[in-house]
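Please read the numbered paragraphs alongside the structure.

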Amino acid sequence: MDSRSKRKRDENPSDLPSISENGTFNGEGGAGGIDLSLLEAVESSHDGGVEVLDLRAMKKLVLAFERRLRDNLEARMKYPEQPEKFADSEVELHEEIERLNILAGAPELYPELVALNTVPSVVGLLGHENIDIAIDVVGLLKDLTDEDVLDDNDEPARILVDALIENNALELLVQNIGRLSEADPDETAAIFNTLGTIENMIEVMPAVAELVCERTKLLRWLLGRIKVREFDGNKQYASEILAILLQSSSANQKRLGQMNGVDGVLQAVAMYKSRDPKSSDEEEMLENLFDCLCCLLLPIENKERFIKSEGVELMIIIMKQKKSAYGSAIRALDFAMTKYPPTCERFVDVLGLKTAFAAFMGKIPVSKKNKKESYQEELEERIISLIASLFAGITRGSRRKDY
C-alpha cells in the first residue's frame, strides 16, 4: 500500500445516517442509534458548561457531538458540491471531537460510553472526506486508549477495545494511514498516533496483534516504512510496532515471510552494515530491526528465505566492519543456524569461520555500548551457541574438515 496515496471515499446518500421522526439518529458510521430526545432532556437539566465528568456530563458531551455529526452529514449530503455550505458544521464537529478528549479522564465511564452506541459514530469518522476530522479522531482514540489512562481499569478498557474492534476500528485506522502524507506535520503526527493506538489496543488485548495483521495491510505498510532510508520518529515507531507484532505470533512471522519480509528487513538492516546510528533513538530502531529479523527466523521456511536473500553474507560483513550492530549480527546468525543445517553449510561456504572464531577467542570490538559486562556475557553465549549449531548442523564432508 502506498503511504502517499490519497483515498477518496464515495459518498452515497443511502449510506448516510437517517433521522427518524422521534429524534433517533440511525445508520452505519453515524450516531449509531442514540435517542437524541432523551439526551436533550439531560442537557436541559444543566446550565453552563461541563464541570464534573460523571455519567450525566458524559451524556451531555455525547449529545453535542452527535448533533454536530448529524448537522455535518446532512449539510454534506445536501450541498455535496458547495464546501462553503458545510464548512461551519465541520469546524463545529472538530470542536466537539476535541471536547470528547476529556473522557480520557474517566475511563470508568467507558462501559456507559459503549452502551450509548457512540463508538460507531466516532470510528466512522476515520473515513471522513475532511482529513482533518479523521486526524481529530485518531488523536481521540490515542488518548482514550492511552496506557496511563487505562491503568487499573482493565475491564472498562477491554469493553472499549472490544467495541472498537467490533466497529472495524483496526481496518479504518490502517486505511486512513494510506491517505496521510508525511510531508504535512499534522498528518505525520496522525501516523504516529495511529501506531500508538494500535499498540495500546494490543496492550489491552494481545489477540489484537494477530487480528490487525489478518484484517488489514498494516504489515505491508510497516515493511515499506522501515525501508525508507531517512531516519525519523515514525520510522523508529514502525520498527517497534513491527517487532511487537512478530514477537509472540508465529502466524505473523509466517505472514510477513510470505510477503518477502525477510528480504525487506535485511534491506533495512543493510543500511548500517558500514556505519553506526547517529543517535540513541536511531540505535534503538536498529535494535528493533534485529529483533524483527530474529523473530522472523523462528519458522523454518523463513530460514530458507534468509539464505536466499544472502542474509548470512550480510551478517558476516557487519561483523567484519565491527560497527555497533556487531553483536546483533551474531545474534541473528545464531537464530538462523539453530536446528537448520543449510544455514550452517552456507556459513562455512562463505568463509564465516574466521570471523566467528575471532569473536570466539575474545577479539570483540569495544565501544561504549559493549563495555558493559552483561553485553560481553550475552555475546559469549551467542558465539558458543553458534559454534554448537555448526557442530550439530555439519556432521560430515569437507565442510566438517574445514573447522
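1. Which residue lies over the face of Tyr 79? In this predicted model, the residue is Lys 85, placed at 5.3 Å from the ring centre.

2. A search of the whole structure for aromatic pairs returns one. The pair is formed by Phe 192 and Tyr 237, whose ring centres are 4.6 Å apart. Their planes meet at 45°, and the pair is therefore classed as tilted.

3. The two partners of this pair belong to separate helices: Phe 192 to helix H10 (residues 185-204) and Tyr 237 to helix H13 (residues 233-247). The contact therefore ties together parts that are 45 residues apart in sequence.

4. Phe 192 has a relative accessible area of 36% and is partly exposed. Tyr 237, at 9% relative accessibility, counts as buried because the cut-off for that class is under 20%.

5. The volume of the largest cavity is about 90 Å³. Helix H5 (119-124), helix H6 (131-144) and helix H8 (154-166) are the elements that give two or more residues to its lining.

6. The lining of the largest cavity comprises eleven nonpolar residues, one polar residue and no charged residues. Among the lining residues are Leu 100, Leu 103, Leu 113, Thr 118, Val 119, Val 122 and Val 123. The lining also includes Leu 140, Leu 141, Leu 144, Leu 160 and Leu 164.

Terms used
Residues numbered from 1 in each chain as written. Predicted model: local features only at pLDDT ≥ 70, side-chain atom pairs only at ≥ 80, totals over all residues. Heavy atoms only, no water. 1 Å grid on protein atoms, 1.4 Å probe; cavity = no way out; pocket = protein on both sides within 12 Å on 5 of 7 lines; lining within 4 Å. Points joined across faces, edges and corners; volume = space filled by probe spheres on them. Helix = DSSP H or I, 4+ residues; strand = E, 2+ residues; numbered from the N terminus. Nonpolar A, V, L, I, M, F, W, Y, C, P; charged D, E, K, R; others polar. Phe/Tyr/Trp six-rings, centres within 6.5 Å; stacked < 30°, edge-to-face > 60°. Buried < 20%, exposed > 50% of the residue type's maximum accessible area, 1.4 Å probe, protein only. Lys NZ or Arg CZ within 6 Å of the ring centre and 35° of its normal.
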